[in-house]
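User: I am new to this structure and would like to go through it with you. Could we begin with what the words mean?

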Amino acid sequence: MPQQARDERQPVDRPANEQPVDGGTSFGPEDPWAPLVEVAFQPPGTGETVYERYLETQALYQLQLPRPPLGHHDEFLFRTVHQACELWMNLMSFELTTVLALLAHERAPEALRLLRRVVLAGRLVVRQLELMETMSAWDYHGIRRKLSGGSGLQSPSFPNLLRLGHQVWDHFEALRQHAGLALPEVYTRRYDHPLLHELAEALVDLDETVQSFRYHHYKLAQRMIGTSVIGTGGVQVEALERSIHRSLFPELWRVRDALTARASSTYE
Ligand code: HEM
């Protein structure tokens, strides 16, 4: 698509005979402005600077634009947030793959650094869900009707990162056994084995981040489409709530019970 400079863009005229469905506070599923914005909005830049070529900004902006016609004003946000989440989750998988290689070569300090990066990227994904909450529940239907069978269930990166997370656990367990420690001792003897303790805590952070994503995603879905509703992928929103309690590393949560029981026996 040929690019127009920013100052050449035409101002958007409001259609005289069309008003937002609720008198101005919301566009509603029938968004009369979408076609106008679609014509007026042009992604910026020429794509010719070193910066733009390196980052492929033109291709990136094209991906961000909904396939025409723009179903609804909020579709731009909807695509952007999903795409950004997919990119961050893909980065998480990339780093987890490196973590696996590092742990296999007994390079735990570097693995720990990348594991912390994975957690931070995961928290960024969770924060982005908040942006989606700026959509009105009524407006969202202007996008939903365009999705047909499209669903987050088909996300390639989410299950991939869960799978890699499980593999990291296997490596952690091998390190723990090699050190001759029972899992509670990773905590009670943490000064003797600080790296194992830090790895365990980074895995708890990762697990908590995934659970936090599941929780906030459930609340988002509930907020947008309701609770006793079947999603576009055929799953009820209530099932998303149940998934919140799934854990990547249940042993790391159970060990807390064991530690509390052990500590309690000394002072009860
Ligand atoms: C309007 C916003 C959203 C709604 C209403 C929504 C709704 C749903 C629903 C109902 C499901 C269950 C499967 C189905 O029947 O479709 C689901 C699954 C999923 N969604 Fe969303 N979602 C939203 C935004 C997002 C965003 C921003 C992401 C980020 C990538 C996302 C990622 C996922 C993933 C990964 C699953 C599969 C979960 C699993 O396998 O446990 N969703 N979504």
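Predicted model: local features only at pLDDT ≥ 70, side-chain atom pairs only at ≥ 80, totals over all residues.

User: Which exposed residues does α7 carry on the face turned away from its buried side?

Analyst: That face of α7 carries Arg163, His166, Asp170, Ala174, Gln177 and His178.

User: And which residues of α7 are buried?

Analyst: The buried residues in α7 are Phe158, Leu161, Gly165, Val168 and Phe172. They cover an arc of only 70° around the axis, which puts them on the same side of α7. In general, an α-helix has 3.6 residues a turn, so residues three or four places apart point the same way.

User: What do the buried residues of α7 pack against?

Analyst: Their packing partners are α4 (75–104) and α9 (194–225).

User: How far apart are the end C-alpha atoms of α7?

Analyst: They are 32 Å apart, which agrees with the 32 Å that the 22 residues of α7 (residues 157–178) should span at 1.5 Å a residue. Just after α7, Gly180 takes a positive phi of about 70°.

User: Turning to the ligand, which residues come nearest?

Analyst: Of the 24 residues around the ligand, the nearest are Cys85, Ser151, Gly152, Gly231 and Gly233. Two or more residues of the shell come from each of α4, α5 (108–132), α9 and α10 (237–243).

User: Which element gives the largest share?

Analyst: That is α9, with 5 residues.

User: How many of the shell residues are nonpolar, polar or charged?

Analyst: The shell has 14 nonpolar residues, 10 polar and no charged.

Definitions and conventions:
Residues numbered from 1 in each chain as written. Helix = DSSP H or I, 4+ residues; strand = E, 2+ residues; numbered from the N terminus. Expected span 1.5 Å × (residues − 1). Buried ≥ 20, exposed ≤ 12 C-beta atoms within 10 Å, placed from the backbone. Arc of directions from axis to C-beta. Contact = placed C-beta atoms within 7 Å. Near = placed C-beta within 6 Å. Nonpolar A, V, L, I, M, F, W, Y, C, P; charged D, E, K, R; others polar.
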